Amino acid sequence: MQTKEQYNGTITISRYGVEKRVLTWNDHICVGCGICFDICPTKAITMGPLGAIAKGDIDAPKLDISGEKCVLCGMCACACPFNAIDLKINDKSIKELPQYPKILRDITLDQEICVLCGQCEIVCPQGAIDVERELPPRKNLVLGEITINKDKCVLCGICAEYCPADAIDLIPNDMNSLSPNPIKDIEVDKDACVFCKVCEVACPHNAIEVICYKCPLAKRIEKPKLYEDIKGKTTIDKDLCVTCGWCENICPVSAIKVEKPFEGELIIDENACNACGACVAICPCNALTFPKPKEKAQKVPKLVVNQDLCVLCGACEKSCPINAIKVKRTKVGMEETKAVAWKKAFEKLLAK
């Protein structure tokens, strides 16, 4: 008997018999690429109004799977590049079974090369990268002295406002009739101070004296070494990663390598495009953008794509209401399989 359940953005289709088969689809992971729709041999999958969903005009699931038409073959699960669909046979995912082919995509990081700059974390469109970095105390890199003459200081706070390191604090007073002063004291955080002398120059009452030893004694200050004094690591969540290549493209030391699932190109019909924004909203890679003119009245394309960042998933094509976008795939990264039916199914993902 085959049953279908739908709850909190997840569709589950189950069948119990000689084998226990359970297909699950997660709307929160799905990007709306429609590859499952294209490959399904029984037409059990229907796509939702992707453009309106991506733009937030309506709240609806990106697709639906018919419990009557689905035969739990697993082609959609094998073809999904984003792991939004999985088929388990006797509680084991077919992604772990050698007889089932898979879309090949991957991302690797060479931690020894990585300089912990954090730029990959900033650009990742799916928040799949986390860069942890622990720096040695600032005081290890500076040498100096700072003194405030409390007899001259009037607690005006000008030095605190100027301090680029925010190392000077005015301590507020618990004012009352017996203690009417608003400021009780002034303090310098010696760990934050870099002895730059800005406060000394800014003080109109000559109450501050700063001595910097950094320049004459620079050779005594040890440079922090990466992975010794500067500790950290870069972590990539492969379940969230869509292998778009943002990180690989901007990495200053080429520490990240990305294997994309498809080869080909994205073709935009600029004359047909009405710049509705559905494709930009749904793209999981942030590969599409509306260019802005540098000068007034300058004519620019309505829509452009960075082919290096596009994974040719087809979400933009499926969401476009006027068919102005075409995904042309020339190669599918697929594990070798002797099953003719699987080869033909995967060939459906190539451009007609």
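Biologist: Why is Ala275 called partly exposed?

Modeller: The relative accessible area of Ala275 is 38%. Buried means under 20%, exposed means over 50%, and partly exposed lies in between, with a 1.4 Å probe and protein chains only. Ala275 is therefore partly exposed. This is a predicted model, in which local features need pLDDT of at least 70, side-chain atom pairs count only at pLDDT 80 or more, and totals for chains, interfaces and linings use all residues. Residues are numbered from 1 along each chain as its sequence is written, and side-chain values use heavy atoms, with hydrogens and water left out.

Biologist: Where is Ala275 found?

Modeller: Ala275 is in the loop between strand 16 (262-268) and helix 8 (278-282). Helices (H or I, at least four residues) and strands (E, at least two) are DSSP runs, numbered from the N terminus. The phi of Ala275 is near 55 degrees, a positive value in a residue other than glycine.

Biologist: Why does Asn90 count as partly exposed?

Modeller: Asn90 has 46% relative accessibility, so it counts as partly exposed. Asn90 lies in the loop between strand 6 and strand 7, and has a positive phi of about 50 degrees although it is not a glycine.

Biologist: What makes strand 7 an edge strand?

Modeller: The open sheet has five strands in the order 1-2-3-6-7, with antiparallel pairing. Strand 1 (2-7) and strand 7 (92-93) are the edge strands, as each pairs on one side only.

Biologist: Why is Pro81 called buried?

Modeller: The relative accessibility of Pro81 is 2%, and therefore Pro81 counts as buried. Pro81 lies in the loop between helix 3 (75-79) and strand 6. Leaving aside neighbours within four places in sequence, Pro81 is in contact (heavy atoms within 4.5 Å) with Cys33, Ile35, Arg105, Pro261 and Phe262.

Biologist: What makes Arg329 lie over the face of Phe262?

Modeller: A charge sits over a ring if NZ of Lys or CZ of Arg is within 6 Å of the ring centre and within 35 degrees of the ring normal. Arg329 is at 4.6 Å from the ring centre of Phe262 and lies over its face.

How values were computed:
Two strands pair if DSSP finds at least two bridges between them.
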